[in-house]
Amino acid sequence: MNIDWSKLTFHYTETDYIVRAACKNGVWERPYATRDKMIPIHAAATGLHYGQECFEGLKAFRGVDDKVRIFRMEENAKRMYHSAEGLLMTPVPVELFCEAILLALEKNIAFLPPYETGATLYFRPLLVATTPDISVGPGKDCEFVVVPTPIGPYFPNGFKGMPAIVNRTIDRAAPQGTGCWKVGGNYAASFRASEAAHAMGYECMFTDAKTHKYIDECTASNFIAIKQRSHLQGSAPTTAKRSTGVANLQRSDLTFEYLTPRSTAILPSITNDSLMTLAREMGMKVTRRHIRVEELADMQEAAACGTACVISPLTKVYDPDNDITYSFGDKPGPVLTKLYHALQDIQYGRTEDTHGWCLVVE
Ligand code: PLP
Ligand code: COI
């Protein structure tokens, strides 16, 4: 094995083992590790024909103390359980999910990137319905696989910032559809929009499929924004962009609001949930509500957030239908920078994990 950790991007690099477990007639077998990366699947499997499959994504970090930390694994297990229920699949029990991740880590420990390389070991659990049936209906037998891979930054620019474009023409997920679950069909449905955005040099900002007025998600990640709320000396809320520096964050006369969309079509992000907790602890007001695209004018910082990208700040958002550009500056703003470091400090063991988010594997 000869991996240049610092050159890793968000692409698949083969490791020694995957972990598998099958469910037949409602009975799960114990997870086992195998070097064979091919999974035999019947050509008539409902997972292949009708898209009955869901997946997850979580990371293990090599910490400053050389210990290994897996971030909020049980939350991913629970989310996959809900995704499976949403597609009428046999869910993977939470304990089995966690056992499989730990086995995948143990068997591929040589692929866990060293501390300070910026790379991590990413686990991609996948659940696919294997019942051979051409009739349109759910199959109950399934295969659960954990595919580990060392990864680098999701976006080539990492924490440096990227531009996004508002998309109102291609919907990712319907308000009462599958957007709240991590199912493959949502991603396939988003490819036309994201590839069109990439061709123009942007990441894709998805709006709600019903009215196209509200922000749903940004790329395959949740959207978050920071708004400067008030000035205790009595002046009106400022709309001035990026008027604060990091040092000013300590000042008690400034308060910030952490905003993120409320929508039934978006994935409940574990990263976003963690950031909301940290933001509250930093004294910010945290609001989850419908966010109109035009409101970007009142926000000082904006970003995509998720396991893979952590926080990826937006430099600007272009609305092509109204020919308006909302600018957030070329450098990440102070509040998102502070949140980014707070989260990564927990993940890399540089600060106390007061929430019990990390499972430390010695
Ligand atoms: N939204 C979508 C569509 C995603 O695929 C992901 C990634 O899992 C997220 C948001 C972020 O979720 P999390 O923070 O749990 O990784
Ligand atoms: C994330 O984990 O942040 C994502 O955006 C998920 C994607 C790689 C499927």
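Colleague: How far does a backbone N or O atom of alanine 220 lie from an oxygen atom of ligand 2?
Modeller: That distance is 2.6 Å. A polar contact here is a pair of N or O atoms within 3.5 Å; inside the protein one must be able to donate a hydrogen and the other to accept it, and sequence neighbours count only if both atoms are side-chain atoms.

Colleague: And what's this built on?
Modeller: It's a predicted model, so local features need pLDDT of at least 70 and side-chain atom pairs count only at pLDDT 80 or more, while totals for chains, interfaces and linings use all residues. Residues are numbered from 1 along each chain as its sequence is written, chains are lettered from A and ligands numbered from 1 in the order written, and side-chain values use heavy atoms, leaving out hydrogens and water.

Colleague: OK, back to ligand 2. How far is its oxygen atom from a polar side-chain atom of serine 221?
Modeller: For serine 221 it's 3.3 Å, from the side chain. Threonine 307 has a polar backbone atom 3.2 Å from an oxygen atom of ligand 2.

Colleague: How much of the accessible area of ligand 2 does the protein cover?
Modeller: On its own ligand 2 has 280 Å² of accessible area, and the protein covers 92% of it. Those areas are Shrake-Rupley with a 1.4 Å probe; for residues, only the protein chains shown count as cover.

Colleague: Which residues are around ligand 2?
Modeller: Phe10, Arg124, Tyr154, Lys182, Tyr187, Ala220, Ser221, Gly306, Thr307, Ala308 and Cys309. To count as near, a residue needs a heavy atom within 4 Å.

Colleague: Switching to ligand 1. How many residues are around it, and which come nearest?
Modeller: There are 15 around ligand 1, and Tyr187, Glu217, Ser269, Thr271 and Thr307 come nearest.

Colleague: How much of ligand 1 does the protein bury?
Modeller: Taken alone, ligand 1 exposes 380 Å², and 95% of that is buried by the protein.

Colleague: Which elements give two or more residues to that shell?
Modeller: Strand S12 (221-231), helix H5 (270-281) and strand S15 (301-306) do. The labels are DSSP runs numbered from the N terminus: helices are H or I with at least four residues, strands are E with at least two.

Colleague: New topic: serine 83. Buried or exposed?
Modeller: Serine 83 is buried, at 0% relative accessible area. The cut-offs are under 20% for buried and over 50% for exposed, with partly exposed in between (1.4 Å probe, protein chains only). Serine 83 belongs to helix H2 (residues 73-86).

Colleague: What does the side chain of serine 83 reach?
Modeller: It gets to the backbone nitrogen of lysine 182, at 3.1 Å. Lys182 also turns up in the list around ligand 2.

Colleague: And the side chain of threonine 337, what does that reach?
Modeller: The backbone oxygen of glycine 333, at 2.5 Å. Threonine 337 is in helix H6 (residues 334-347) and is buried, with a relative accessible area of 18%.

Colleague: How far apart in space are threonine 9 and proline 153?
Modeller: Their C-alpha atoms are 5.5 Å apart, although 144 residues separate them in sequence. Threonine 9 sits in the segment before strand S1 (18-24) and is partly exposed at 42% relative accessible area.

Colleague: What about threonine 149 and leucine 259?
Modeller: Those two are 110 residues apart along the chain, with 32 Å between their C-alpha atoms. Threonine 149 is part of strand S8 (residues 142-151) and counts as buried at 7% relative accessibility.

Colleague: Last one, backbone angles. What is the phi of asparagine 25?
Modeller: It's positive, about 50 degrees, and asparagine 25 is not a glycine. Most residues other than glycine have a negative phi. Asparagine 25 is in the loop between S1 and strand S2 (27-28) and is exposed, with 71% relative accessible area.

Colleague: And what is phi of aspartate 66 near?
Modeller: Near 75 degrees, a positive value again in a residue other than glycine. Aspartate 66 lies in the loop between strand S5 (58-62) and strand S6 (68-71), and at 52% relative accessibility it counts as exposed.
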